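Open your viewer and keep the selection tool at hand. We will go stop by stop.

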Amino acid sequence: TDDKGINFIVAGGGGRGLRPITARRAAFAKSTFGFAELEIDAKTLTFRIVGSDGTVLHAPEPLTK
């Protein structure tokens, strides 16, 4: 969230059965089906994790330039 670091977004679906989360090493983690949605324009990157039912599971503050 600052200009000095690197932000990574990892969304793994894989299509296999759900596995329990045994170690939490991220800002958000949930054992559920869903997808990542990115919206990018010239000054803003908005990122959301959306569940398979359409519910927004995680929506951090947008990154701005």
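Select Arg48. This residue lies in strand 2. Strands here are DSSP runs of E with at least two residues, helices are runs of H or I with at least four residues, and both are numbered from the N terminus. You are looking at a predicted model, where local features need pLDDT of at least 70, side-chain atom pairs count only at pLDDT 80 or more, and totals for chains, interfaces and linings use all residues. Residues are numbered from 1 along each chain as its sequence is written, and side-chain values use heavy atoms, with hydrogens and water left out.

**Stop 1: the partners of Arg48**

A salt bridge here is a side-chain nitrogen of Lys or Arg within 4 Å of a carboxyl oxygen of Asp or Glu. Arg48 sits in strand 2 (residues 44-51) and Glu37 in strand 1, so this pair ties together parts 11 residues apart in sequence. Side chains of opposite charge can pair when their charged atoms come close.

How many salt bridges does a search of the whole structure find? It finds two. Glu37, Glu39 and Arg48 are linked in a network of them.

Next, show everything around Arg48. Leaving aside neighbours within four places in sequence, its contacts include Phe35, Ala36, Val56, His58 and Ala59. Contact means heavy atoms within 4.5 Å.

**Stop 2**

Select strand 1 (34-40) and strand 2 (residues 44-51). They form a hairpin with three residues between them. The two strands pair in the antiparallel sense over seven bridges. To count as paired, two strands need at least two bridges found by DSSP. Find Leu38 and look across: Phe47 in strand 2 stands opposite.

**Stop 3: before strand 1**

Step back along the chain to Phe28. Its place is in the segment before strand 1. Phe28 is partly exposed, with a relative accessible area of 25%. Which residues does Phe28 touch, not counting residues up to four places away in sequence? Phe28 touches Ile49, Leu57 and His58. Check His58: the pair is 30 residues apart in sequence, and 7.2 Å apart in space, C-alpha to C-alpha.

Go on to Thr32, also in the segment before strand 1. Thr32 is partly exposed, at 36% relative accessible area. Beyond its neighbours within four places in sequence, Thr32 is in contact with Leu18 and Leu57. The C-alpha atoms of Thr32 and Leu57 are separated by 9.7 Å, and the residues are 25 apart along the chain.

**Last stop: the whole chain**

Clear the selection and zoom out. The protein has zero helices and four strands, so the pattern along the sequence reads β-β-β-β. Of its 65 residues, 9% count as buried. Among contacts with a separation of 6 or more, residues 24 or more positions apart account for 15%. Show the surface to finish. The accessible surface comes to about 5,700 Å², and 52% of that belongs to carbon and sulfur atoms. Accessible areas come from the Shrake-Rupley method with a 1.4 Å probe; for residues, only the protein chains shown count as cover.

Notes: Buried means under 20% relative accessible area, exposed over 50%, partly exposed in between (1.4 Å probe, protein chains only).
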